[in-house]
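Reader: I would like to go through this structure by question and answer. Please keep it brisk.

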Amino acid sequence: MFNYLEEQITARLIQLGWSTEQLQFSRPKKIENGDWATNIAMTLARALKRSPLQIAEELMTDIDLDSAIVEKFQIVKPGFINFFQSADYLTAQLKHILHARENYGKNDFGAGKTAQVEFVSANPTGPLTVGHGRQTVLGDTLASILTWSGYAVTREYYFNNAGRQMRLLGESLKSRYLELQGHSVVLPDGGYEGTYLIDVARNLLAEQPDLDQNSAVDIFKDFAEKSIFSIIKTTLKRIGVVHDVFFNERSLYETGKIDEVLDILQKKGLLYKKDGATWFKTTELGVDQDRVLVKSSGEPTYRLPDIAYHREKIVRGFDLVVDVFGADHIDAYPDVLSALKVMGLENEHIKVVIHQFVTLLRSGEVVKMSTRKANFVTLDELIDEVGVDVVRYFYIMRSGSSHLNFDLDLAKRQTEENPVFYLQYAHARISSIFRRARERGLEPDDENADLTLLDEEFTVALINEALEFPEVIDHCRRALEIHHLPGYLFSLATALHKFYTEYKVIDLDNPELSRARLALLKAIQITLRNGLDILGISAPDQM
RNA sequence: GCGCCCGUAGCUCAGCUGGAUAGAGCGCUUGCCUCCGGAGCAAGAGGCCACAGGUUCGAAUCCUGUCGGGCGUACCA
């Protein structure tokens with residue numbers, strides 16, 4: 001309907017010689033204001049120097065709208081033009097849902113295009129924490145939205161298994177290992193204190209009992225990396241996340257990509273040496289201070305491989321690149337993007353999604369988390385407590401740009417009244433009605449149901465709610481924000497529950513109406529299930 | 001100091017590119033199960049949308065400033 005109105009009104013505007021630039025439609029909040037509305041008469045008022053009402057009148061005279069789609073329109077006080085959809089349109093759309101089934105809500109915006117979503121990207125120094133969880137679910141769901149928008153999506157995990165932190169990890173493991181052998185040792189300064197390393201050390205001791213004080217740190221480092229990565233991957237799998245590519249930073253060195261970046265920047269005259277380090281003249285790119293790319297020790301800072309990695313993303317030819325970062329990366333990505341730009345690379349298709357941190361509350365108090373200090377709560381522990389469905393929903397129900405208060409006690413205690421169960425209950429309730437209908441000999445028959453019978457108030461409201469699903473998907477894709485989807489599903493469930501309390505679906509005295517309502521419920525269930533599917537939350541038939 | 005995010009009901013938060021009487025959940029008060037699952041529905045109380053200016057037909061939304069809170073501002077990642 002939206003597309004149709006846009007076409008028709010645009011044509012009429014052109015006919016009158018008026019600008020189409022500001023044409024937009026919205027769904028009015030109040031049902032008495034119709035199904036779609038435009039404010040074009042008001043936005044044109046200034047340029048045309050006429051009153052909005054006059055403009056609306058002239059615009060809408062002699063316009064010929066298809067009565068199969070638009071039942072009527074109204075011109076209202078300040079200058080809105082409100083459109084009311086026809087009953088035929090409603091039933092046609094309902095049929096569309098029933099036919100589209102598991103594809104309902106998909107669109108072809110990204111058809112033939114590729115997208116890459118980089119998320120999690122935690123280095124293998126410890127198990128994923130509650131903090132990582134937000135990014136994990138955010139990135140995965142975003143990737144699903146892109147898939148539903150037609151893109152061929154690559155989920156990617158970028159990691160670094162070299163450098164100071166990893167060496168520290170190796171040393172920490174070595175201490176734990178020697179400790180198990182009965183030596184009294186102290187953890188290295190700033191080392192990893194987490195008890196998970198004791199388990200890792202135990203495994204290493206079982207596999208290689210002959211290591212000692214003189215064994216190379218690398219042996220421990222490699223074992224730690226392997227073990228911890230296995231822990232991380234198990235957690236990811238558990239929460240329903242599968243990455244297509246694990247990109248090792250080291251490969252950028254091995255293939256000479258790091259040096260290539262340095263060469264290019266050198267030729268552009270953007271590098272200089274100071275105090276034995278190589279500096280990047282970011283001040284010339286509008287940043288307040290220059291940044292170090294290669295430390296005086298010869299080791300690069302994280303910025304250099306980041307630039308090289310993003311250069312690779314461009315070279316690999318993705319049409320859309322989405323980086324999901326925590327707020328602590330806020331300062332790094334402008335440097336990366338501007339570096340790409342000075343290297344002559346197009347970076348408009350790289351979108352950075354920054355999410356704010358998760359504040360973990362335990363007994364009403366803020367828990368400060370640090371992987372090194374080991375006073376963190378792991379994602380696994382959280383899943384143990386409340387389950388995958390609740391965890392996933394909790395992480396994406398809020399906008400990524402606002403801080404998320406994760407109240408552990410509440411999450412554990414409140415499972416009974418959690419919004420997740422509200423959604424799942426709506427789905428299960430429909431399944432239950434289907435079971436009941438079959439018991440009574442009413443076999444759902446979408447094809448032959450007379451959908452024109454569905455004209456009561458709350459029924460129409462429910463159908464309209466379901467019709468918004470594709471718009472919500474589109475909105476999520478445009479904004480790269482997914483919290484609209486759980487919010488939408490919640491109101492869809494509300495409309496369903498309201499419908500349920502208002503009307504009886506199974507009525508053996510009125511099989512025609514029953515069949516129509518069963519078809520409607522089928523469409524609602526399809527919509528709910530598709531939405532939950534995107535969120536990675538199960539849609540149970542009974543609870 | 002500078003950069004980014006946030007400030008909306010008692011609490012946690014929605015409010016899409018400016019639109020019509022600012023919404024939801026939780027909590028509180030009160031109704032609704034002889035009937036398809038009450039993990040539900042309905043009603044009520046509760047708001048100077050942090051503050052002050054500006055832009056315009058119209059601002060919670062855009063701009064400027066102020067005040068609060070968070071995260072950065074490393075030769076850590």
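This is a predicted model: local features need pLDDT of at least 70, side-chain atom pairs count only at pLDDT 80 or more; totals for chains, interfaces and linings use all residues.

Reader: Which element gives the most residues to the surface near RNA strand B?

Author: Several elements each supply at least two residues of that surface, among them helix 2, strand 4, helix 6 and helix 19. Helix 18 and helix 16 are also on that list. The top contribution is eight residues, and it comes from helix 16.

Reader: What share of the RNA strand B atoms within 4 Å of the protein is sugar and phosphate?

Author: There are 65 residues around RNA strand B, and those that come nearest include Lys 295, Tyr 425 and Arg 429. Of the RNA atoms that come within 4 Å of the protein, sugar and phosphate account for 65%.

Reader: Which residue places a backbone N or O atom 2.7 Å from a base oxygen of RNA strand B?

Author: Arg 46 has a polar side-chain atom 3.2 Å from a phosphate oxygen. Lys 504 has a polar side-chain atom 3.0 Å from a sugar or linking oxygen. The backbone contact to a base oxygen, at 2.7 Å, belongs to Ser 296.

Reader: How many bridges join strand 5 to strand 6?

Author: Strand 5 spans residues 114-118, and four of its five residues are buried. With helix 5 and strand 6, strand 5 makes a right-handed β-α-β unit. Thr 114 faces Ala 152 across the pairing. The two strands run parallel, and the number of bridges is five.

Reader: Which residue of strand 11 stands opposite Gln 116?

Author: Strand 5 also pairs with strand 11, in the parallel sense and over four bridges. Opposite Gln 116 stands Val 321.

Reader: Which strands stand at the edges of the open four-stranded sheet?

Author: The order is 1-2-4-3, and the pairing is antiparallel. An edge strand here has a single partner, so one side is left without a neighbour in the sheet. The edges are strand 1 and strand 3.

Reader: What is the bridge partner of Val 76 in strand 4?

Author: Strand 3 and strand 4 are antiparallel and share six bridges. The partner of Val 76 is Phe 80.

Reader: Where does Ser 121 lie?

Author: Ser 121 is another non-glycine residue with a positive phi, about 45 degrees. Its place is the loop between strand 5 and helix 5.

Reader: How many residues apart in sequence are the parts tied together by Glu 468 and Arg 27?

Author: The closest N and O atoms of this salt bridge are 3.9 Å apart. Glu 468 is in the loop between helix 17 and helix 18, and Arg 27 is in the loop between strand 1 and strand 2, so the pair ties together parts separated in sequence by 441 residues.

Reader: What is the relative accessible area of Glu 156?

Author: Glu 156 forms a salt bridge with Arg 316, at 2.8 Å between the closest N and O atoms. Arg 316 counts as partly exposed, at 33%. Glu 156 is buried, with a relative accessible area of 0%.

Notes
Residues are numbered from 1 along each chain as its sequence is written. Chains are lettered from A and ligands numbered from 1 in the order in which they are written. Side-chain values use heavy atoms; hydrogens and water are left out. Buried means under 20% relative accessible area, exposed over 50%, partly exposed in between (1.4 Å probe, protein chains only). Two strands pair if DSSP finds at least two bridges between them. A crossover is right-handed if, with the strands pointing away from the viewer, the path from the first strand over the helix to the second runs clockwise. A residue is near a molecule or strand if one of its heavy atoms lies within 4 Å of it. A polar contact is a pair of N or O atoms within 3.5 Å; within protein, one must be able to donate a hydrogen and the other to accept it, and residues adjacent in sequence count only if both atoms are side-chain atoms. A salt bridge is a side-chain nitrogen of Lys or Arg within 4 Å of a carboxyl oxygen of Asp or Glu.
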